[in-house]
Amino acid sequence: MMRITRVYHNWSVTSKFVGVYILILIVSSTITGVILYLQAYNSAISQARSVMEQNILQTKSSIDEKVSMIENISQIIAFDSRIQTLLGSAFINESFQLQDYRYNVAPIVDNIMRQNNYIHSIHVYMSNPTIPELFELYDGFYSMNRIQGDEGYLSFMNDPRKQMDWRGLHLEKLLTVRPDVQAKADVFSYNRKIFSGRKDEINGLVEIEVTQSVLFQSLTDSNSDVGSILVLDSNNKIAFDNRSELTDKATEDLVHVLPGDNSKVNNIAKIGGVRSIVISMPLEGPDLRLVGIFPVSHFVDKVIHSIRSILIVLIAALIVLSLLVYYLTVKLLSRMKVLLKAMKQVREGSIDVSVPVVWNDEFTQMALSFNHMTHRMHDLVETVYKSELLEKDAQLKALESQINPHFLYNTLATISWVARKAKAPDIVSLSGSLAKFYRLVLNKGNSETLVENELDMVRAYLAIQKFRFEDRFDAIFEVDDRVRSCYTLKNILQPLVENSLIHGIEPKRSYGTIIIKAVLEDDQVVLRIIDDGVGMAADKIKDVIEGRNLNTEGSGFAIANITRRLQAFYGESQHMELYSRQGIGTVITLSFAARGLDDV
């Protein structure tokens, strides 16, 4: 990787531009092509699954329709009153009953067979032993003795819970030999019990047989050229296949894909090593399922062909655009080379250099800047000495600004030492409070300080003022410990306390009290100064808030000035309230967002 990076760094700018562009275009084209292919592929598969499912549904509907018609025909026969009467009556007057049997009852089955040519055969088994079999007619009515040895019939007849039942694929029961029948056919049969008119005893059984080829005629007619459609029985054996192309491996794979509960399936799976759409639906009637297997390749071949065409177009566009980018890069960088040559001349000591200015693009702006730079170099050379002098002067002033606070602290310390030596405790206390006040006011040049430091500065200020006012006021501090570690703007309480003393307590001419509160409310720092001074009139309150009273003697900082400082620093999260009543006192409340040491 480092070797590749080193080679890249040694390329010319033109090679870098063209190489990076080609790389970006190849990557973007590849990603776009992959996304388009996946979207087209998934869309084709999704559409194919939907279309093939509709195809299977139509085939299933055709088969279910035949199954439903067979069940309805069995119901017609089983509930026909003439057949029920025949099966429930003994042959006493043989000639009359035989004639009725021959001409009125037996033709019922024959007519049904003629009207529904898809039915292979209908057998009516009679429990009444007195009724003879008429072999010269259609083989429709037979004695129950013919099926007594068949376990399939016996289990059905002896099960009181079943009134009808489908039998799986089996050879037809050929009861009457006919010359047009060469071999027994594979059929499915539907059996329904025939009850007496009172519904309390079984008089017979009707069996309708339909051949495998007729029942699944819709599968043969479809002859789908994109896959196979087959029918599986309950044991997952193939009962019918419209193409007969499945290998043993494909059949085994199919069995593993299909669920055991005969539920509906529409999935993608590998069948015989071929990725295919597998759709399975249960059939009505016989315990069968209709399965469609459609190779995915039949549906995505066109998508792959389209992607190949798009890829060819993208490659051609890449070549054309690469040549265009190369040409434009060479033309643009030729102007850069002129500027680079001029910069080398300046580096070698020649400052009387300029480059031609053409057009009005970024390169032109660079040329103008370069020309302006060389023009200004003469002025800069002349002003270097002056700049050095100004720099030394600024350093001296900075040194003086550092010395002045130290000089002030040292002077106050000297006064305190002299006062102690002269045993003047008041002067010691006054100088100490003044030193503490100035130390907190300066705050090492920082604009923010802790609320605790701001309160200490006010305490120092009030200690000094007590000397001036000869202890004619009390200062009470009510501070929430949580607010001590929060940050505030420097020197916002002292001007307000000074206003309370000068404009509230001093004009009162009697003893006064100032209360300083600092609490934390709803993530807001709330600072409140309360005095019991002379108060203010409503019009004067308005003047103070709007800043028309900024230069009052002893005010230090006006309220409006403090409000602007808070608003500039805290924005909409700050708030100031002023309440005053003449003869009662004044309350000033400041609030702003709380910010502690953890937020710094």
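Helices (H or I, at least four residues) and strands (E, at least two) are taken as DSSP runs and numbered from the N terminus. This is a predicted model, in which local features need pLDDT of at least 70 and side-chain atom pairs count only at pLDDT 80 or more, while totals for chains, interfaces and linings use all residues. Residues are numbered from 1 along each chain as its sequence is written, and side-chain values use heavy atoms, with hydrogens and water left out.

Q: How many helices and strands are there in the protein chain?
A: By that assignment, the protein chain has 15 helices and 17 strands.

Q: What is the confidence of the protein chain, and where is it lowest and highest?
A: On the pLDDT scale, which is the predictor's confidence in each residue and runs from 0 to 100, the protein chain averages 79, and 80% of the residues score at least 70. Confidence is lowest in helix α10 (residues 362–421), with a mean of 60, and highest in strand β15 (residues 524–531), at 94. Where pLDDT is low, the predicted coordinates should not be read in detail.

Q: Why are α12 and α13 called roughly parallel?
A: Two packed helices are described by the angle between their axes and the distance between the axes. Axes are lines fitted to C-alpha atoms, for helices over the stretch in contact, and angles run from 0 to 180 degrees between N-to-C directions. Angles under 35 degrees count as roughly parallel, over 145 as roughly antiparallel, 65 to 115 as roughly perpendicular and the rest as oblique. Helix α12 (residues 451–469) and helix α13 (residues 494–505) pack at about 25°, with their axes 10 Å apart, and the two are therefore roughly parallel to each other. The contact is made by Glu454, Met457, Val458, Tyr461, Leu462, Gln465 and Phe469 of α12, together with Gln494, Val497, Glu498 and Leu501 of α13. By class, that contact of α12 with α13 has seven nonpolar, two polar and two charged residues, where Ala, Val, Leu, Ile, Met, Phe, Trp, Tyr, Cys and Pro count as nonpolar, Asp, Glu, Lys and Arg as charged, and the others, Gly among them, as polar.

Q: What makes α2 and α9 roughly antiparallel?
A: Helix α2 (residues 13–78) and α9 pack at an angle of about 165°, with their axes 9 Å apart, and α2 and α9 are therefore roughly antiparallel to each other. The residues of the contact of α2 with α9 divide into 27 nonpolar, four polar and no charged.

Q: Why is Thr251 called buried?
A: Buried means under 20% relative accessible area, exposed over 50%, and partly exposed in between (1.4 Å probe, protein chains only). Thr251, which lies in helix α8 (residues 248–257), has a relative accessible area of 19% and is therefore buried. Leaving aside neighbours within four places in sequence, Thr251 is in contact with Ile238 and Leu246. Of the 600 residues of the protein chain, 38% count as buried.

Q: How do you know whether Asn236 and Arg509 are exposed or partly exposed?
A: Asn236, in the loop between β6 (228–232) and β7 (238–241), has 22% relative accessibility and so counts as partly exposed. Arg509, in the loop between α13 and β14 (512–521), has a relative accessible area of 70% and is therefore exposed.

Q: Why does Pro507 count as partly exposed?
A: Pro507 is found in the loop between α13 and β14, and its 39% relative accessibility is why Pro507 counts as partly exposed. Not counting residues up to four places away in sequence, Pro507 touches Leu501, Ile502 and Val534. The C-alpha atoms of Pro507 and Val534, 27 residues apart along the chain, are separated by 6.8 Å.

Conventions: Contact = heavy atoms within 4.5 Å.
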